[in-house]
Amino acid sequence: MLHEVLITLKEIIAGKPELAIFAALILGYSIGSVKVGPFQLGGVAGTLIAALIIGQVGVFIDPSLQRFMFTLFIYALGFSVAPQFFASVDRTTWTWGLLVGVEVVLIIVVVFVATWLFKLDVGTASGLLAGSATESAMVGTASEAIGRLGLAADAVKIQQANVATAYALSYIFSLITIVLFASQGAPRLLGVNLRDEARRVMAKLGGADENLDPDQGHSFPAFGSRAFRVVAGAGKSVAAVEAALGGNATVEGIRRGNASVAVKGDGLLASGDEVAVLGARLALTDAARVFGPELGTPGDVDFIVETRDVVLTRGAMHHTDVGKIEEFLRASDCRGVFLAGVKRLDRSLPPLPGSKVRTGDVLRLFGKPEDVARAARLLGEAEAPSDVTDFVYLGGGLVLGILIGMITVPVAGVPLSLGSAGALLSGLGFGWLRSRRPTFGRFPPAASQVLKDLGLSVYIAAIGLTSATSVLTLLKSRGWELPVSAVLVSLVPTIASVYIGRYLLHIEPAILCGAIAGQQASTPAIKATEAAAGNSVPVVGYTVTYAIANVVLPLLGPLFVAAFAAISPHA
């Protein structure tokens, strides 16, 4: 009976490839969500493992589906990292680019050494490269490049299967290596305590030591408003009482008797006035000493406030201290507007006085609506609260990316083209245009994340399902060689980056550990590093190297395959 059920199940899965794909996603993300200490495999790697298991029944997936889903993924990837990538390409951030350059050069060298030592074929070597770099996008770009080598159809299928299998095996060991190294190994090599270093840097930048989850917040918000009855402040000007609060709070409303009084810097407060004050919570706690007793109910001095996200596009503000941003707003008649937060690559950064912002950052402004709107026009473009995607803009970018990928250039007798990586370049360009003028081409972060997650996961599932039957052959022949190679490929570039970053580039150790996680494009590694640091200081180094690595590493796929074919034309 059980045998018959298994046969029926096999026939259903083999005849319904869409069922096999979704089964792989369900099982894969279940596997990937299991957390063992700081390690979590992740949904993409889990999906590949699940697909390799399910695919043993024999499943055919139309190659056009694979290309379609990978194109969606890589375009959305380029679009999302574009603002930070282009903000990173300047003379002030060449240090981060150097770290990624070290990663790229050394990872290729070590992979070629492993290829020579173990006589790896092009598919296995490409999978080793992708897995060791923990860069899933490289699986797609390398597999496509192998398909253009002019090999026989059966040979192409075998090599592409080797890419997937080698990637899965290498990825697991590289993930463990980079998580441990970024959070534990690098600090030990530098002879520092990561938590102490992160606290020191946080204090240096002027912030508090904290590390909150995305859905957590403080019970007492950093900014707010209070109402007071003027007693101690009687006879003093508005400018004088604001100065007494350290410039961290502003008077936003004055009620005298039954009439409202215009708020002017040289205007004098009278005894019995009711005033509304907006600003930092720490400044407001001392406001009663400056004004007089606090009012339990704000009464007629109540006013509306808002929090608005603004994309920084003003070039003059690039690489400017957070404190100077607030000074600029006050000098530009935007009194009462406060910088409540900074987001970069969808990761929150503390708005510390000593930290710097970049064009493409999302600044969270707090204040009265009319003041926030004026500040938004000075700094960039306010993000409209809409979840609608501009499909004309999205479709135009995808079409252009596909056309770019069709261009073929012969290199050393080998036809070299970007394939779906053309969509990566197109996504970069369209994402940059969108960041400069956020009034058109809306592609909400949530929509972009769905395309990235679904596109890559379905692509990886399809690769695993179609190549599953050749997995055991590769594992038997390369079982121990790939894990050892993967660990070495991960360690050699990262160890070099530690010493170059610290002693040549003089990067703070806590920030350097985050940069190492970023150059490996590893989200699990930065999460583990943040946890070990106890605050978000490592994210400062992570965001720039992550943006650069997510552009450079996928492009290595076709370049590596072309170089391999040129050196070993019969591979």
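pLDDT is the predictor's confidence in each residue, from 0 to 100. This is a predicted model, in which local features need pLDDT of at least 70 and side-chain atom pairs count only at pLDDT 80 or more, while totals for chains, interfaces and linings use all residues. Residues are numbered from 1 along each chain as its sequence is written, and side-chain values use heavy atoms, with hydrogens and water left out.

**View A. Confidence along the protein chain.** The mean pLDDT of the protein chain is 78, and 84% of the residues score at least 70. Strand 15 (residues 414–417) has the lowest confidence, with a mean of 58, and helix 19 (residues 481–504) has the highest, at 88. Helices (H or I, at least four residues) and strands (E, at least two) are DSSP runs, numbered from the N terminus.

**View B. Helix 15 (residues 391–406) against helix 16 (residues 421–436).** The two axes come within 7 Å and cross at roughly 145 degrees. Axes are lines fitted to C-alpha atoms, for helices over the stretch in contact, and angles run from 0 to 180 degrees between N-to-C directions. The crossing is right-handed, that is, the near helix is turned clockwise from the far one by less than a right angle. Contact (heavy atoms within 4.5 Å) involves Tyr393, Gly396, Gly397, Leu400, Gly401, Ile404 and Gly405 of helix 15, and Gly422, Ala423, Ser426, Phe430, Leu433 and Arg434 of helix 16. By class, six of these residues are nonpolar, six polar and one charged. Ala, Val, Leu, Ile, Met, Phe, Trp, Tyr, Cys and Pro count as nonpolar, Asp, Glu, Lys and Arg as charged, and the others, Gly among them, as polar.

**View C. Helix 13 (residues 322–331) against helix 14 (residues 369–379).** The axes lie 11 Å apart, at an angle of about 115 degrees. This crossing is right-handed. Ile325, Phe328 and Leu329 of helix 13 touch Ala375, Leu378 and Leu379 of helix 14. The contact has six nonpolar residues, no polar and no charged ones.

**View D. Helix 6 (residues 122–132) against helix 22 (residues 538–567).** The axes come within 10 Å and cross at roughly 145 degrees, in a right-handed crossing. Helix 6 contributes Val122, Ala125, Ser126 and Leu129, which meet Phe560, Val561 and Phe564 in helix 22. Six residues of this contact are nonpolar, one is polar and none is charged.
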